[in-house]
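Me: I would like to go through this structure with you, one topic at a time. Shall we begin with how some of the helices pack?

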Amino acid sequence: MDSIVTDLVEVMKKERNFLARERAMMIFFAQLIATITQLAFQTLDEEICAQWKKEGFRVDRKSERTITFLFGTVTYVRRRMKNQANDIRYPLDEFLGIRKGIRYSSLVLRNVSQLGSMMVYRHVSQAIDCLTSWRMSHQNVQQLVVKTGELIQAKSTHESRYDGIITKKKVPYLYLEGDGVKINGQKKQSLEVHRFQVCEGSQKVGNRSEMIAPHFVSHLNRKKAYKEMMAYLQAYYDLSHTVVISNSDGGSGYEKAVFDELALGCLRHEHFRDRYHVHRKMKERMAFVPQLQHRMIRAIAHYDWQEVQLVLDTSESLIEEKEAEALEHLRLLHHYLQRSWPYLKSLKARGIRDPQACIGTIESTHRKITYRMKRQGRLWTKTGAQAMIRVIDSLRNQEFEGWLNQYEALPDDVVAQEKRWQAMKRWVQKKPHFQAHEGAFKGQMGEGKAKSTPLGQFAKGLNQLIMTPNYL
């Protein structure tokens, strides 16, 4: 301890300003912690390997590895072990949760990915540089987020993810919504994030309302998002006594029939057209008569079709001659309201009196994705966008740490498939044993035949055809 204090005092004396002195102190402590950690890992490796030997494993060799933890970078030596089935394991890496091909600890993965879900990668890199003793470029931040997103996606979409669930929830009401949001992709492409969400209602927390037991599913492929939500509902809920209330804007892929399938087996399903989109459509079509917009909104809220028709007629009467565009807007609005009218009836009018009702919230829950993935000219590849979406959803669903706390980066069947692929790859890359051969044999017809005869001409042509090249 005295030597450590003496060394620290010497480090502090070398610097002449406050900032440089504190920076030197931080580096000194990081190096000290790394040294202590290295010795602790050595002791820990010996103890763990002794336990593995009892299970039939033997030490194959020792190798060095460098890992960056939140407190600093540590280089340590660990044992590689093998059993009679040639299964290769690194006990210390598994104990520490350090995955193959990754130079960072699980806590670094978690913190960097969480920061990356809220700010651009360059800002994450600057934050790491300011607050830790090690550095990470914004390219490495991006690679780390993509790797984490792929790891979480492999775990969260596997068939065995719901195997541990024994009892299912029974709730009176379940609120289900779906919608899509556009983001900008690279090479002038447009990507659409398809989202589904489900909750059991809302409750007051202070001055704000929060969703009860929400679950969010997002994907660039609508069918995959739909399947994930279907699997979640069937795994967690017993819908036989549940009234499912769905809400959407009625766009392609979000029709009532889609939610009928998601609510399969429920007591009753009530579908609603999203009021935000209805009001926006109405205001766009009636922009030439702003004085009647509030009256139309009130007529829709009271579910009074006669009043809606009266407002449309009044709007038409206010159109001046030769305004064909305004007439077309009214015609389209009329057809839109006719199509949507069965889904505009209020909860109260349908006999649903739930004090915790939560409907029409999907537009506000877009913000976690739109604030991070839109604006400021941000462009995304499909891989990067899907990884970011997965990280954001797993954080919101409070599943992020659960997936990272599982050591295997992939499910068992995927790991087995990877092992078979690696074995096949090694077999193909092996150089084949050289086998000497005598080359091509030259065959010819018997001698003693005149070349002018048909048989002689045939023998001559055959001899030219199978002539052995000079280089053999």
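Me: At what angle do the axes of helix α10 and helix α11 cross?
Reply: This is a predicted model. In it, the axes of α10 (residues 293–301) and α11 (residues 305–317) cross at roughly 160° and come within 9 Å. The two helices are therefore roughly antiparallel to each other, since angles over 145 degrees count as such.

Me: Which hand does the crossing of α10 and α11 have, left or right?
Reply: The crossing of α10 and α11 is left-handed. On the α10 side, the contact is made by R295, M296, A299 and I300, and on the α11 side by E307, V308, L310, V311, L312 and T314. Sorted by class, the contact of α10 with α11 has seven nonpolar, one polar and two charged residues.

Me: Why give both an angle and a distance?
Reply: Because two packed helices are described by the angle between their axes and the distance between the axes.

Me: Then how far apart are the axes of α11 and α12?
Reply: The axes of α11 and α12 are 10 Å apart, and the helices pack at an angle of about 170°. That makes α11 roughly antiparallel to α12. From α11, the contact uses W305, V308, Q309, L312, S315 and E316; from α12, it uses L327, L330, L333, H334, L337 and Q338. The classes in the contact of α11 with α12 are seven nonpolar, four polar and one charged.

Me: Where does E323 lie?
Reply: E323 lies in the loop between α11 and α12. Its relative accessible area is 30%, so E323 is partly exposed. The C-alpha atoms of E323 and K256 are separated by 36 Å, and these residues are 67 apart along the chain.

Me: What is the packing angle of α9 and α12?
Reply: Helix α9 (residues 275–285) and helix α12 (residues 324–340) pack at an angle of about 160°, with their axes 9 Å apart. They are therefore roughly antiparallel to each other, and their crossing is left-handed.

Me: Which residues of α9 and α12 meet?
Reply: In α9 they are H277, V278, K281, M282 and R285, and in α12 they are H329, L332, L333, Y336 and L337. By class, the contact of α9 with α12 has six nonpolar, two polar and two charged residues.

Me: Changing topic to the backbone: what is phi for N86?
Reply: N86 has a positive phi of about 65°, although it is not a glycine. Most residues other than glycine have a negative phi. N86 sits in the loop between β2 (72–82) and β3 (88–89), and its relative accessibility of 53% means that it counts as exposed.

Me: And where is K188 found?
Reply: K188 is found in the loop between β4 (173–184) and β5 (190–199). Its phi is near 60°, a positive value in a residue other than glycine. With 88% relative accessibility, K188 counts as exposed.

Me: What is the radius of gyration of the protein chain?
Reply: The chain has 35 Å, whereas a compact globule of 472 residues would have a value near 23 Å. Its C-alpha trace spans about 105 × 105 × 50 Å along the principal axes. Among contacts with a separation of 6 or more, 67% are between residues 24 or more positions apart.

Notes. Residues numbered from 1 in each chain as written. Predicted model: local features only at pLDDT ≥ 70, side-chain atom pairs only at ≥ 80, totals over all residues. Heavy atoms only, no water. Axes fitted to C-alpha atoms, helices over the stretch in contact; angles between N-to-C directions. Helix = DSSP H or I, 4+ residues; strand = E, 2+ residues; numbered from the N terminus. Parallel < 35°, antiparallel > 145°, perpendicular 65-115°, else oblique. Left-handed = near helix turned anticlockwise from the far one by under 90°. Contact = heavy atoms within 4.5 Å. Nonpolar A, V, L, I, M, F, W, Y, C, P; charged D, E, K, R; others polar. Rg over C-alpha atoms; globule rule 2.2 N^0.38 Å. Buried < 20%, exposed > 50% of the residue type's maximum accessible area, 1.4 Å probe, protein only.
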